Amino acid sequence: MISEKMQSAFLDQINKELFSEYLYLSMKAYFKSLNLNGFANWMDVQVQEEHAHAMGMFDYVIERGGRVELLAIDKPECNWASPLEVFKAVLKHEEFVTSRINALMDVAEETRDRAAMILLNWYIKEQVEEEAGAGEILAQLELIGADKNGLFALDKELAQRTFVAPVIG
Ligand code: OFO
């Protein structure tokens, strides 16, 4: 059975993952408005990943005999000055999520919840990939600068990304 403290930490994180889904959906809409469909596709895959992250915790809380209560999702930002600014925001957001996952692991350690620790190990590894993926695109956008051909080449590359449902845990 999951402890109250662990459950409430997971419910808070489910909300953060759903907010991430919402934020990336908003970024997808921004890229669609610029006709940068490859960037929009990258965001769409991100949206699906964040939904899977939320559901991994949702299912886990229920499996451990807990009760999921959903919290309100904040309104995400909807305008950015450029694709570069979007990816600065993505990296900053993922660093924030990493700090929240680490805080969740602190609660698991405090409450000696070993099953939660095993689950959270997956999320910790996933955050390494999340930050690396966003950081790589950010670095490419910095190199591209004002070069439109570079931007369109990157857009084509990002159009190739496909969603693969993660096996969480
Ligand atoms: Fe769920 O990893 Fe991004 O936020």
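**Reading a cavity and a helix**

Modeller: The largest cavity holds about 40 Å³ of space. This is a predicted model, in which local features need pLDDT of at least 70 and side-chain atom pairs count only at pLDDT 80 or more, while totals for chains, interfaces and linings use all residues. Residues are numbered from 1 along each chain as its sequence is written, and side-chain values use heavy atoms, with hydrogens and water left out.

Biologist: How many cavities of 30 Å³ or more does the structure hold?

Modeller: Rolling a probe the size of a water molecule over the atoms shows where empty space is left. Here a cavity is a set of points, on a 1 Å grid over the protein atoms alone, where a 1.4 Å probe fits but cannot get out. Grid points are joined across faces, edges and corners, and the volume is the space filled by probe spheres set on the points. The structure holds 1 cavity of 30 Å³ or more.

Biologist: Which residues line the largest cavity?

Modeller: Lining residues have an atom within 4 Å of a point. They are L11, I14, N15, L18, V68, E69, L70 and L71.

Biologist: What does K16 touch?

Modeller: Contact means heavy atoms within 4.5 Å. Leaving out residues up to four places away in sequence, K16 touches F96 and R100.

Biologist: What length does helix α4 reach?

Modeller: Helices are DSSP runs (H or I, at least four residues), numbered from the N terminus. The expected span is 1.5 Å times one less than the number of residues. Helix α4, residues 114–144, reaches 46 Å from its first C-alpha to its last, close to the 45 Å expected. Just after α4, G145 takes a positive phi of about 55°.

Note on methods: Helices (H or I, at least four residues) and strands (E, at least two) are DSSP runs, numbered from the N terminus. On a 1 Å grid over the protein atoms alone, a cavity is a set of points where a 1.4 Å probe fits but cannot get out, and a pocket is an open set with protein on both sides within 12 Å along at least five of seven lines; lining residues have an atom within 4 Å of a point.
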